[in-house]
Amino acid sequence: MDWFHNLQVRTKLVLSFSILMVLLVTLTVTSYYSTKTMALLVKNMHANQLVPIRDLANANMQAIYMNRALYRYVLETKEESRKLNAGNILRYESQLNKLLDAYRKTYLTQPEIDALARFDQSWVTYKSYADIIMRTAQSDTGDNVNNQKAAQIMAEQGRPAFDKSDDLLTELVNINDRLATQSLQESEDIYQDNLSLLILISCS
């Protein structure tokens, strides 16, 4: 460091001030981009993970309500009750589709795309059984024979098909939960890197 001691006082001050300014600029720029990146991560986590978790959980509940209304359609044989449950089935499915449509508009990762495609396929299968169940129950002539057939189809085909769709909606929720946790960890890593840089500059 002899070269530094041999410098004029003015040169030393200018050099020291320049180094300090470089460190401050580096810290400012790094802090700005780190804060911006963290803000984007939080925004992305809210829009593409937290909101979908809420909507998917709600969609799952609508599917459960719809399946419950289908059970009631078979069990409650009065015409008035069946009309009510048929209306509920349509209403719950409409809410389900609305929530899933909103979810489809978010940024989807490949695992989400794959799980959603499998859900769509399983839901078509479930809906086909639901239509058969309703038509069978509706065609009952009062001897309860077709109602029993409808209940049997519900137990043997309808319920397994619904369970598969239900499991896939749960899988989609879990995927988004893992993505949110990943985003949180990335934010924590950025914070730690920024903190380490601040300590390094302070020590310098």
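A residue is called buried under 20% relative accessible area, exposed over 50%, and partly exposed in between, with a 1.4 Å probe and protein chains only. The model is predicted: local features need pLDDT of at least 70, side-chain atom pairs count only at pLDDT 80 or more, and totals for chains, interfaces and linings use all residues. Residues are numbered from 1 along each chain as its sequence is written, and side-chain values use heavy atoms, with hydrogens and water left out.

**The whole chain**

Begin by displaying the entire protein as a cartoon. The protein has five helices and zero strands, where helices (H or I, at least four residues) and strands (E, at least two) are DSSP runs numbered from the N terminus. Along the sequence, the pattern therefore reads α-α-α-α-α. Of the 204 residues in the protein, 34% are buried. The protein exposes about 13000 Å², and carbon and sulfur atoms supply 58% of that area; accessible areas come from the Shrake-Rupley method with a 1.4 Å probe, and for residues only the protein chains shown count as cover.

Next, colour the model by pLDDT, the predictor's confidence in each residue, from 0 to 100. The protein averages 84, and 79% of the residues score at least 70. Select helix α1 (residues 2–5), where confidence is lowest, at a mean of 58. Then select helix α4 (residues 110–138), where confidence is highest, at 96. Where pLDDT is low, the predicted coordinates should not be read in detail.

**Salt bridges**

How many salt bridges does a search of the whole structure find? The search finds five, a salt bridge being a side-chain nitrogen of Lys or Arg within 4 Å of a carboxyl oxygen of Asp or Glu.

Select D101 and R104 and show their side chains. D101 forms a salt bridge with R104, with the closest N and O atoms 3.9 Å apart. The two residues are three apart in helix α3, which means that about one helical turn separates them. D101 is partly exposed at 42% relative accessibility, and R104 is also partly exposed, at 33%.

D120 counts as partly exposed at 28% relative accessibility. With D101 still displayed, a network of salt bridges can be followed through D101, R104 and D120.

Now move to R118 and E171, whose side chains meet in a salt bridge (2.9 Å, N to O). R118 belongs to helix α4 and E171 to helix α5 (residues 145–203), so the pair ties together parts that are 53 residues apart in sequence. R118 is partly exposed at 37% relative accessibility, and E171 is partly exposed with a relative accessible area of 28%.

**Two asparagines in helices**

Select N85, in helix α3 (residues 79–104). Is N85 buried or exposed? N85 counts as buried because its relative accessibility is 3%. A polar contact of 3.3 Å joins the side chains of N85 and E76. Such a contact is a pair of N or O atoms within 3.5 Å; within protein, one must be able to donate a hydrogen and the other to accept it, and residues adjacent in sequence count only if both atoms are side-chain atoms. Leaving aside neighbours within four places in sequence, N85 is in contact (heavy atoms within 4.5 Å) with A69, R72, Y73 and E76.

Select N60 next, in helix α2. N60 is buried, with a relative accessible area of 10%. Beyond its neighbours within four places in sequence, N60 is in contact with D166, L169 and T170.

**A loop residue**

Proceed to N144, in the loop between α4 and α5. The phi angle of N144 is near 70°, a positive value in a residue other than glycine. Most residues other than glycine have a negative phi. N144 is partly exposed at 33% relative accessibility.

**A surface patch**

Finally, switch to a surface view and select F17, L20, M21, L24, V25, V29 and Y33, which make a nonpolar surface patch of about 650 Å². Patches are made of residues with over 30% relative accessible area and no salt bridge; like charges are joined within 9 Å, and nonpolar side chains (Val, Leu, Ile, Met, Phe, Trp, Tyr) within 5 Å. Y33, one of these residues, has its place in helix α2 (residues 9–75).
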